[in-house]
Amino acid sequence: MATLLDKIWDSHAVHRGAGGTDLLYVDFHLIHEGSSPQAFEGLRLAGRTVRRPDLTLATEDHVVPTRGRLGRSGVAATMVDALRRNCAEFGIPLRRAGTDGQGIVHVIGPELGITQPGRTILCGDSHTSTHGAFGALAFGIGTSQVEHVLATQTVALAKPRAMAVTLQGELPAGVTAKDVALAIIGRIGTGGAQGHVIEYRGPAIEAMSMESRLTLCNMSIEAGAKAGMIAPDDVTIDYLRGRPYAPTGRAWDEAVASWKSLRSDDDAEFDRSIDIDVTPLSPFVSWGTNPSQVVQLSGTVPDPADLPDPAARHAAERALTYMDLAPGTPMREIPIDVVFLGSCTNGRIEDLRAAAQLLDGRTIAPGVRMLVVPGSTAVKQAAESEGLDKVFRKAGAEWRTAGCSMCVAMNNDSLEPGQRCASTSNRNFEGRQGKGGRTHLVSPATAAATAVTGRLTAPSSVGAP
């Protein structure tokens, strides 16, 4: 009667704490320049080394520029230099900006085959939940925990509760994993899965590609979950075959046999369960300042007065003031200044293909700026080998190098005050993409359609080029 969470947790529990906190073994630790400097300084002060540098990988992603070179001064240069020094001192492999294998931490983990079923994978970044798409238990940790993992290859945690989200039906044409994620968060709220690990199940999940599953698990954090997970299947195994960190030979056969048995028991009991029929869904878009403030793109900006809960009503009023939107406004009439395609949510090759297919033979609307930022150098190389970069450039978009870019705006890629952006990233709180910037969360196809018309637009609404 064990869930997928139970099986991975129990197999990694090094010590059971009397107060409900267990010590878990960490299979792999990913780090980047944004969350590690204090952790390494803590190691120095305590005279400690990194316990397993071979089970650790660093990448430069959050602050690296996606156009031009990193300067010799400024906050970004300081952070990147610190990461390079720390990795050299403690013997940790580092993927430098622009080199093979570099990119957003949650994009390169799966690409390299580091992310494998049954593993515990940690990183000082909340969207580590992305890796759960492979049937791994993956979650973000704080700076003190980063130091603890570096020193001991373990982490102390209280076990979360298990939540099942079962997706029934078949996704309609034009509806993506990003739309599904926004639909789920819109239904249960940003705290709806708090204290839980979500296991996504059902026929709609089984029909998803690996990259779509990554998008869905990535967005679990926006529902308040500790992590998101999907049991491994043939889609998972096919994706991992031949990856640099994947097992080979007899070890591969043994790993596959183990992975295929890694799923929740039929009689497993979840602490909470919800079922969602995806059949009636259409593209979603956010109207407010958190991912639960969403409607279908065919809808209108809601009226806060219709919300019975005072706290929700106040939050909606504040969101509409910041977003400069009026209740009743059709979402399809909202003009856009900037379109951002990228991030650990939607910066993979499948995402770029979807956007390029819609942009092929079309031109971006006058006055609209579109940034296309591959999630990794491997994605960039794959896109260029397929000619996708030419499609984007011909349409009028900016083709960039790999990095987090405008998702976090910790670099030169940011919105100006008052600019409105259709973004494929995962968060839309006030100032997320730049001070005073206004963010609408959308799928890659919706982002491309929006770029063509200059207003929020469903992919199906764009006519022939």
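A: Buried means under 20% relative accessible area. Keep in mind that this is a predicted model.

Q: So is Phe392 buried or exposed, and why?
A: Phe392 has a relative accessible area of 0%, so with the cut-off at under 20% it counts as buried.

Q: And which aromatic partner does Phe392 have?
A: Phe392 pairs with Trp399. The two rings are stacked, with 5.8 Å centre to centre and 10 degrees between the planes.

Q: Where does Trp399 fall, buried or exposed?
A: Trp399 counts as buried, because its relative accessibility is 10%.

Q: How many aromatic pairs are there?
A: The count is five. One of them, Trp252 with Trp259, is edge-to-face: the centres are 5.5 Å apart and the planes make 90 degrees. Trp252 and Trp259 are both buried.

Q: Where does the charged end of Arg243 sit?
A: Over the ring of Tyr239, at 4.0 Å from the ring centre.

Q: What does Leu456 contact, leaving aside its neighbours within four places in sequence?
A: Leu456 is in contact with Val285, Leu297, Met331, Arg332, Ile334, Ile336, Ala422, His440, Val442 and Thr450.

Q: New topic, sheets. What is the strand order in the open sheet of five?
A: The order is β5-β4-β3-β6-β7, and the pairing is parallel. At the edges are β5 (94–95) and β7 (137–140), each of which pairs on one side only.

Q: How many bridges join β3 to β6?
A: Three bridges join β3, residues 28–32, to β6, residues 120–123, and these strands run parallel. His29 has Leu122 as its bridge partner in β6.

Q: Which strands does α4 lie across?
A: Helix α4, residues 105–112, lies across β3, β4 (56–59), β5 and β6. It runs at about 130 degrees to β4.

Q: What about the sheet of three strands, what is its order?
A: That open sheet has the order β1-β2-β8 with antiparallel pairing. Its edge strands are β1 (13–16) and β8 (154–158). Direction ignored, neighbouring strands are turned by 25 degrees against each other on average.

Q: How many bridges join β1 to β2, and which residue does Arg16 stand opposite?
A: Three bridges join β1 to β2, which covers residues 21–25, and the two run antiparallel. Arg16 stands opposite Asp22 in β2.

Q: Which helix packs on that sheet, touching β1, β2 and β8?
A: Helix α1, residues 4–12. The direction of α1 makes about 80 degrees with that of β1.

Q: And where does α5 lie?
A: Helix α5, residues 143–152, lies across β2 and β8. The angle of α5 to β8 is about 135 degrees.

Terms used. Residues numbered from 1 in each chain as written. Predicted model: local features only at pLDDT ≥ 70, side-chain atom pairs only at ≥ 80, totals over all residues. Heavy atoms only, no water. Contact = heavy atoms within 4.5 Å. Phe/Tyr/Trp six-rings, centres within 6.5 Å; stacked < 30°, edge-to-face > 60°. Buried < 20%, exposed > 50% of the residue type's maximum accessible area, 1.4 Å probe, protein only. Lys NZ or Arg CZ within 6 Å of the ring centre and 35° of its normal. Pairing = 2+ DSSP bridges. Helix = DSSP H or I, 4+ residues; strand = E, 2+ residues; numbered from the N terminus. Axes fitted to C-alpha atoms, helices over the stretch in contact; angles between N-to-C directions.
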